[in-house]
Amino acid sequence: MDFEWSEEQKLLRATVREFAEKEISPSVMEFDEAQKFPSDLMKQAGELGLLGIMFPEEYGGAGFGYAEYALVVEEISRVDGSMGISVAAHNGLCANHIHLFGNDAQRRRFLTPLASGKWIGGWSLTEPTAGSDAGGTRSVARLDGNHWVLNGSKTFTTHGSVGDVIVVFAVTDKDKGKHGISAFVIEHGTPGFRAGKKENKMGLRASDTAEVVMEDCRIPQDQLIGERGHGFIDAMQILDGGRISIAALALGMARGAYEAALGYSREREQFGQSIAEFQAIQFMLADMATKIEAAALLIAQAAWMKDQERNVTKVAAMAKLFASEIGVEVADRALQIFGGYGYVKDFPVEKYYRDMKLCTIGEGTSEIHRLVIARELLKSL
Ligand SMILES: Cc1cc2nc3c(=O)[nH]c(=O)nc-3n(C[C@H](O)[C@H](O)[C@H](O)COP(=O)(O)OP(=O)(O)OC[C@H]3O[C@@H](n4cnc5c(N)ncnc54)[C@H](O)[C@@H]3O)c2cc1C
């Protein structure tokens, strides 16, 4: 057992922390209020190699694993969850899908500009009537000569309107159920492919979340990613890894909220002493810190197992479920410690509170995670 990060990992953490604190932090509230996607900051993240963290250098990536990927998402989210979810969706969903299931030509064409940060990527599985039950996908793709023609609409796609390229899922073989869903990669600007409504969200407001609409969208046959009919199965594999990054998103925001509350508790005085001297506040801080460390260990374990190419369905779901639920609790406690000042936008905790809630919903709700964990537990009986 070794609980120490390597020197390389420590350097990576320090580099990302510096980037987040110096470059992202000053404009966090401005982007949040304006619901403005931080394009320039994402470009800078690309230059630092943060948009191709886990991909081989031959495709423009940084060649790290899941442990480093989780670390990067955590450090960015500690300062801004909006940038955190963008980095996670770009790397873990879109680019990773193309990396794992695309052929060499597709990787060169789509993964290379994604990994270098030249392009921003999205991944469109959810539909208005197919959320937790993604197997109920209704978008369709039919072959017409050498082209696929896609019709349908997707909802809640991260980077749905700002993404340069999006991986979308559509039914190619209706009678085969979940085994009749395939994945396609489509560039924005392709006729018949457009962004729909951009969501006005409660939190993570600088991240772009939008509908994606396909109306007789014709794409060449070679934009099918992976095997025909294997899209849903591949998506589940992508989500296994993606869950580690949503857990890291929650962990980073929890750390940010906790650190803000710890600092404030030392400065704020009531009844002639700092509020940190009240045992009620100390107990809140102790519980927050303990839960954060427990989440960090679950995430480190899941990331390590993923890097060992072991099955992470159960541990990644546990890490995501636990980190997101304690994240909501930690953000709530942090706001409580700030009292009335926690409720106003001059201090950072109201934003952590708003942003954090997504973590119990996105990439599978807490309820679905409990189902996944229980299924894995019962399998082993
Ligand atoms: C900000 C944001 C970004 C997102 N980004 C993406 C993205 O990039 N790509 C993408 O494809 N999707 C994305 N999503 C969609 C997200 O993954 C879905 O919202 C999520 O999977 C839940 O689906 P739903 O919203 O349709 O809820 P529903 O599935 O309708 O669930 C509603 C409620 O019913 C519960 N429920 C459903 N089924 C069961 C069951 N079997 N047992 C018990 N309870 C159940 C749920 O837990 C939930 O409480 C994003 C969502 C948000 C809000």
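Good morning. A helix, as the term is used here, is a DSSP run of class H or I with at least four residues, and helices are numbered from the N terminus. By that rule, L297 is found in helix α8, which covers residues 279-307. Please keep in mind that the model before you is predicted.

I shall begin at the surface. M1, F3 and L297 form a nonpolar patch there, and together they have about 460 Å² of accessible area.

I turn next to the second largest pocket. Its volume is about 740 Å³, and its lining includes elements α1 (7-24), α4 (66-79), α7 (231-267) and α8, each of which gives two or more residues. Which helix gives the most to this lining? That is α8, with ten residues. In total, 25 residues line the pocket, and D2, F3, W5, A300 and Q301 lie nearest its centre. By class, the lining divides into 15 nonpolar, three polar and seven charged residues.

Rolling a probe the size of a water molecule over the atoms shows where empty space is left. The structure holds one cavity of 30 Å³ or more. The largest cavity has a volume of about 40 Å³, and the residues lining it include I24, F31, D80 and A206. Seven residues of that lining are nonpolar, one is polar and one is charged. Thank you for your attention.

How values were computed: Residues are numbered from 1 along each chain as its sequence is written. This is a predicted model: local features need pLDDT of at least 70, side-chain atom pairs count only at pLDDT 80 or more; totals for chains, interfaces and linings use all residues. Side-chain values use heavy atoms; hydrogens and water are left out. Patches are made of residues with over 30% relative accessible area and no salt bridge: like charges are joined within 9 Å, nonpolar side chains (Val, Leu, Ile, Met, Phe, Trp, Tyr) within 5 Å. Accessible areas come from the Shrake-Rupley method with a 1.4 Å probe; for residues, only the protein chains shown count as cover. A salt bridge is a side-chain nitrogen of Lys or Arg within 4 Å of a carboxyl oxygen of Asp or Glu. On a 1 Å grid over the protein atoms alone, a cavity is a set of points where a 1.4 Å probe fits but cannot get out, and a pocket is an open set with protein on both sides within 12 Å along at least five of seven lines; lining residues have an atom within 4 Å of a point. Grid points are joined across faces, edges and corners, and a volume is the space filled by probe spheres set on the points. Ala, Val, Leu, Ile, Met, Phe, Trp, Tyr, Cys and Pro count as nonpolar, Asp, Glu, Lys and Arg as charged, and the others, Gly among them, as polar.
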